[in-house]
Amino acid sequence: MAHISQLQENICDLWGPGVLITEIPHDTIQKSIPPHVQYACRYWFDHWQLGNPVEDIKTIRQFLEQHFLHWLEGLSLIGEVSNGAQIIIALEEILSVSCNAY
């Protein structure tokens with residue numbers, strides 16, 4: 001998740017809300033969200049699940065509090081919002097189970 005923390009609000013320095021993705025030059029996205037950060041945006045959840053998710057709940061909550069919107073913006077810019085929606089659904093299930101366990 002360290003790479004995702006490189007994301008920030010309005011990472012592509014867009015000129016206003018409601019800008020269509022087709023209006024953003026591809027090289028602007030590539031410069032603002034380098035390949036390793038794009039990879040992290042897409043696959044952090046898969047890597048996290050391979051570890052011990054129950055022990056890392058605190059880390060995930062901290063990530064969601066600090067970088068959730070940045071992550072969603074990054075996903076939208078790289079065309080992976082549907083992947084993000086699937087991750088959110090899976091996270092909701094994991095977090096609700098872990099909260100009920102304690």
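1. The protein chain has four helices and zero strands, and its elements run α-α-α-α from the N terminus on. Helices here are DSSP runs of H or I with at least four residues, strands are runs of E with at least two, and both are numbered from the N terminus.

2. Please keep in mind that this is a predicted model, in which local features need pLDDT of at least 70, side-chain atom pairs count only at pLDDT 80 or more, and totals for chains, interfaces and linings use all residues. Residues are numbered from 1 along each chain as its sequence is written, and side-chain values use heavy atoms, with hydrogens and water left out.

3. The C-alpha trace spans about 45 × 25 × 20 Å along its principal axes. Of the 102 residues, 33% count as buried (under 20% relative accessible area, 1.4 Å probe, protein chains only).

4. Among contacts (heavy atoms within 4.5 Å) with a separation of 6 or more, 74% come from residues 24 or more positions apart.

5. Now to Ser-32, which lies in helix α1 (residues 26-32). Its side chain reaches the backbone oxygen of Thr-28 at 2.9 Å and the backbone oxygen of Ile-11 at 3.5 Å.

Methods. Buried < 20%, exposed > 50% of the residue type's maximum accessible area, 1.4 Å probe, protein only. Polar contact = N/O pair within 3.5 Å; in protein donor to acceptor, adjacent residues only side chain to side chain.
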